[in-house]
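Have a look at it before reading on.

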Amino acid sequence: LHFTGSGSEFFRIWITNLLLTICTLGLYSAWAKVRTINYFYGNTSLDGSSFSFVANPIAILKGRIIAFAVFGAYTFFQTVEPVVSLVIMLAVFPLIPLLVVRSMRFRMQNTEYRGLKFNFTGSVGHAYSLFFGGVILTYISMGILFPWWDCQKKQYLLGNLRYGNKRFESFPRAGVFYKCAGICILMGIGMTFLMILISVAGGLLAGDFGFVAGILFLYLSMGILWAYWHVSTTNHVMESTCLPGVFFRSRMTTHDFVALWVVNIILLVLTFGLAVPWVMVRNARYRVNCTTVLAEDLDSFVQGQIVSTSAIGEELGETIDLDIGL
C-alpha cells in the first residue's frame, strides 16, 4: 500500500471544509466528511489502483442531525432537569452495539476498490453479546479478561468484512494480547518507579519544576504504553487476517509511532491547531506505508469477483441510508 497525499494539498480542502461548515452552521459537515475520506482513499493506492468513498452526504447529514438533537437535549436537560438527561443517556447507551454495526456497514458498503464494494455482515446480536458481555466480564474479572475481550472485538470487526462475495478471515490469538498486556504491566511498574524518582529528585533540586517534570514523564509513559499496545496488537491482527489468496503484513514499530505522536503534538502546539491537516496526512502515510498486501495475482482475483457479484452490486449501497459513525 502507498499513500501519496500531502499536508499542503489537504490543507486547502480542510480549511475550505471548515469555513463552509461554520458558514452553514454545521450543515456542510456531511459533505466535508465525504471530501475528507475521499481525499485519503484517493491517495491510498494498492497495485496501481486507489480506493474511493461513494457515500451520499445526505445520509451522513441525517445521522448528524439525529445525533445533534439527542446531544442537544441531553446537554439542555443537564442544567434544567438532570433526571431527564439521565433518562436520555440510559436510552442511548443500550444502542451502542447497534450503532457500531450500522456504522461499520455504512462505511464498508460505501468503500470501493476496482469497482467492487466492501461490506460488513456482523450480526447485531453478536455485537450485543460481545460489547455488553465483554464489559461485564472484564469488570467482574477486575480487568484480567480485557486482553481476551479486545482480541474478540478485533476478530468480530475484521472477520465479518467482505470484499465482493469473498469473506475476510481473522483469527488473532488471545495469548499474544496477554503477552502484550504483561509487557505493558512490567513497563508500567518500571516507569512508575522512574516517575517517583524524577519527582522526588527534581523536587529537591528544582522545587515545583521537579513535580512538573514528573507529570510530563507520566504522560509520556502513558503514551509509550498505549503505543506499544496499539502497535503490537495491530501488527498481530493484520497478520492474522486474510482473504482467499490475499494476506496482510503490518510493520509498525513502537519507537516510530511514539516519534510520530510527539512530533504531531509539537506541530499542533506551535501552530495553535492549524497543523491538523499535516498531522492527519502524517498519520495516514505512516499507517498505510507500513502495510503490505501479499497476493500472487490480484487482477484475476478482482476480475472474478466482478463477474460473480455484478447482480447484487447495486443493492449493497442501499442496505443502509443512515451514517451513525460520527
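Start where α5 passes α6 in a right-handed crossing (right-handed if the near helix is turned clockwise from the far one by less than a right angle, left-handed if anticlockwise). On the α5 side, Pro97, Leu98, Val100 and Val101 make the contact, and on the α6 side Val124, Ala127, Tyr128, Phe131 and Phe132 do; contact means heavy atoms within 4.5 Å. That makes nine nonpolar residues, no polar and no charged (Ala, Val, Leu, Ile, Met, Phe, Trp, Tyr, Cys and Pro count as nonpolar, Asp, Glu, Lys and Arg as charged, and the others, Gly among them, as polar).

Keep in mind that this is a predicted model, where local features need pLDDT of at least 70, side-chain atom pairs count only at pLDDT 80 or more, and totals for chains, interfaces and linings use all residues. Residues are numbered from 1 along each chain as its sequence is written, and side-chain values use heavy atoms, leaving out hydrogens and water.

How are α5 and α6 angled? Helix α5 (residues 96–109) and helix α6 (residues 124–140) pack at about 125 degrees, with axes 8 Å apart. Axes are lines fitted to C-alpha atoms, for helices over the stretch in contact, and angles run from 0 to 180 degrees between N-to-C directions. Helices here are DSSP runs (H or I, at least four residues), numbered from the N terminus. So α5 and α6 are oblique to each other (under 35 degrees is roughly parallel, over 145 roughly antiparallel, 65 to 115 roughly perpendicular, and the rest oblique).

Now find α2 (residues 29–42) and α3 (residues 57–80), whose axes come within 8 Å and cross at roughly 125 degrees. α2 also passes α3 in a right-handed crossing.

Methods:
Helix = DSSP H or I, 4+ residues; strand = E, 2+ residues; numbered from the N terminus.
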